[in-house]
Amino acid sequence: MRQGPVYKQLLEIKQSRGGGFFLLIDPDRISERQSLTLAESSEECGVDVILVGSSFMLNSSFAPAVKKIKSSTALPVIIFPGSFAQITPYADAILFTSLISGRNPNYLIDEQVKGAPLVKQYGLEPIPTGYMLIESGALTSVQYISGTFPIPQAKSDIAAAHAMAAQYLGMQMVYLEAGSGAQKPVPTEMIRTVASHIDIPVMVGGGLNTPEQCVQRIESGASFVVCGNCFERDPNQSLLRELTAAAHPREQVTV
């Protein structure tokens, strides 16, 4: 599949910085003031990409939220949709995800069929992504909404097989997701196994809230880490700088 400009930028980030940091903003879980504060300070804090998405929207403000976030930053803004209803023209690209860890046809192909005409109409760059839920120690929103079982943390071989299938189907990334506020993030052993079996970037998110956790996942083979839940109560810019620095090993200064 043709590589779009945003996807090429992601590859360049991985190459130059050794890894990338995606800040996830959920308009359904954070106030407009907080989301704009984060967006406005993101580039200065070292963020590479802003993801905007939600598993379940309680209001109709998603499109205006994306538009305001995009107007507040020069960083790429990528939609991480919970459904086709979250597709809006105000972003640069969209993670065109298929929930390959589950067997619910609604999230394997049905939402994608509904959303494809909108992606075309809006001129969004699609980044085909194999989305995989990983056991996290708690029932997550996306697990409940999708009605699917996550891959057990101890089953790295199953995760690797799903990731290989995603690559062979032509997807450009895989996303290992423990879920918002996960009790247990995706284990490093699983990341290492998945990364060793595929040639496309690996995103990892869910339950990551310390620099050490980000470093461990990048060192295990993740190309990008995704954080967001830890900023929902407090848009702590000091913590944001620490997390982004941890995701950029080639920029670490050694004395």
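Author: A term to start: on a 1 Å grid over the protein atoms alone, a pocket is an open set of points where a 1.4 Å probe fits, with protein on both sides within 12 Å along at least five of seven lines. Lining residues have an atom within 4 Å of a point. Volume is the space filled by probe spheres set on the points.
Reader: What volume does the largest pocket have?
Author: About 870 Å³. The model is predicted, so local features need pLDDT of at least 70 and side-chain atom pairs 80 or more, while totals for chains, interfaces and linings use all residues. Residues are numbered from 1 along each chain, and side-chain values use heavy atoms, without hydrogens or water.
Reader: Which residues are closest to the pocket's centre?
Author: Ser 54, Ser 55, Phe 80, Tyr 131 and Val 142, out of 50 lining residues.
Reader: Which element gives the most to that lining?
Author: E4, with six residues.
Reader: New topic. How do the strands run?
Author: Eight strands form a closed barrel, E1-E2-E3-E4-E5-E6-E7-E8, with parallel pairing. Two strands pair if DSSP finds at least two bridges between them.
Reader: How many bridges join E1 to E2?
Author: Four, between residues 20–25 and residues 49–52. Within this pair, Ile 25 has Val 52 as its bridge partner.

Technical notes
Helices (H or I, at least four residues) and strands (E, at least two) are DSSP runs, numbered from the N terminus.
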